[in-house]
Amino acid sequence: MKKKVLLMGASGSGKTSMRSIILWVYSNNPASLTSRLGATIDVEQNHVRFLGDLILNLWDCGGQDAFMDSYLTAQRATIFQHVGVLIYVFDVESREMAKDLEYYRDCLEGLRQFSPEAAVFLLVHKMDLVRQSRQETFNAKKEELQDVSGDLKLSVFGTSIYDESLYKAWSNIVHTLIPNANILSKHLATFAQACSATEVILFERTTFLVIATSTSTSQPALSSDSDSLETENPASGSLDPTRYERTSELIKAFKHSCSRVRGEFHSLEMELWDFTAVLDEMTRNTYVLIVVHDPTIETAALKLNIRMARRKFE
Ligand code: GTP
């Protein structure tokens, strides 16, 4: 199954840097490498395989005015047809916001004409450059973007290539492209209950992006701004809001260390004084992490539960 993902926004807003981070999401390339990238000429395409048979076809559309004008006229149908997701990137420090918004509105029009079902994600990017209150700046931008988008249902994220925010936004974007993502979350909630777990998280195998969590009940939980993953479960009230991204980073680093000593990573068990965690393969394309705070629950029992649940998740 192929899904077209359009990456658009003004020249210099950070699309190509973002794309490289996304493509390198499971190698450990530092963000600083992206400063060497030049402007994108017209459209650059990449394919990313995800969850075995889901192929994301990423179109990085160069943002210089001449290219934008051409997308909106001569190339209009080619660009805007069969789009699964439009990701529009705004530089939070842009000095040409009025022009950026005008192009954005024109692109929405193209999308409405050729792919009215497409999901729209807006990234207020380079948040690391904001000196004043980030939350306030983000809220103001979000409001401005909602104003020009009419009644379109938007998902807006504040992002930067220098922290986990981009990972979080991308996880949410990918979530909308996964068929039956809601059913997955429901299964996961049942599974978490069966394990008496505080939380269960499903990761994609190669990228370790979060696909579903037992605390996200339905779509809206995953489609809003920065704090969206936390709101559904009262038990998760005191948990760190960046825990998914941080866990993913840690596991990737650990996997990387294993490969450096030619070891292979299969599973992980941790028993600490106040919690137990088990990470294991769930299906051919996913890993599951179970976190339990009940000291009477043995890791062997959790692993048995994983084995028994596998068929349900294939
Ligand atoms: P075009 O290809 O012309 O459309 O531009 P683009 O949107 O692809 O921009 P690009 O990715 O080339 O980034 C432009 C500059 O912004 C580069 O110097 C990046 O290093 C920088 N940049 C990208 N993301 C961030 C970020 O999150 N924070 C900061 N501070 N700089 C960033």
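Q: Is the crossing of H4 and H5 left-handed or right-handed?
A: In this predicted model, local features need pLDDT of at least 70, side-chain atom pairs count only at pLDDT 80 or more, and totals for chains, interfaces and linings use all residues. Residues are numbered from 1 along each chain as its sequence is written, and side-chain values use heavy atoms, with hydrogens and water left out. Helices (DSSP runs of H or I, at least four residues) and strands (E, at least two) are numbered from the N terminus, and a crossing is left-handed if the near helix is turned anticlockwise from the far one by less than a right angle, and right-handed if clockwise. By that rule the crossing of H4 and H5 is right-handed.

Q: At what angle do helix H4 and helix H5 pack?
A: Axes are lines fitted to C-alpha atoms, for helices over the stretch in contact, and angles run from 0 to 180 degrees between N-to-C directions. The axes of H4 (residues 97–114) and H5 (residues 134–149) lie 10 Å apart, and the angle at which these two helices pack is about 45°.

Q: Which residues of H5 make the contact with H4?
A: Contact means heavy atoms within 4.5 Å. From H4 come Met97, Leu101, Tyr104, Arg105, Leu108 and Arg112, while the residues from H5 are Lys141, Glu144, Leu145, Val148 and Ser149.

Q: How many bridges join strand E1 to E3?
A: E1 covers residues 2–9 and runs parallel to E3, with Leu6 standing opposite Trp59 in E3. The number of bridges that join E1 to E3 is six.

Q: Which residue is the bridge partner of Phe50 in E3?
A: Strand E2 (residues 43–50) and strand E3 (residues 54–61) run antiparallel and are joined by eight bridges. They form a hairpin with three residues between them, and Leu51 in the turn has a positive phi of about 50°. The bridge partner of Phe50 is Leu54.

Q: Which are the edge strands of the open sheet of five strands?
A: This sheet has antiparallel pairing and the order E8-E7-E11-E10-E9. Each edge strand pairs on one side only, and the two are strand E8 (210–213) and strand E9 (268–271).

Q: Which residue in E10 does Leu268 stand opposite?
A: Four bridges join E9 to strand E10 (residues 276–281), and the two strands run antiparallel. The residue opposite Leu268 is Leu279.

Q: At roughly what angle do the axes of helix H7 and helix H9 cross?
A: The axes of H7 (residues 181–194) and H9 (residues 299–313) come within 12 Å, and the crossing of these two helices is right-handed. They cross at roughly 160°.

Q: What is the average pLDDT of the protein?
A: pLDDT is the predictor's confidence in each residue, from 0 to 100, and 87% of the residues score at least 70. It stays under 50 over residues 26–36, and over residues 217–236 the pLDDT is below 50. Where pLDDT is low, the predicted coordinates should not be read in detail. The protein's average pLDDT is 82.

Terms used
Two strands pair if DSSP finds at least two bridges between them.
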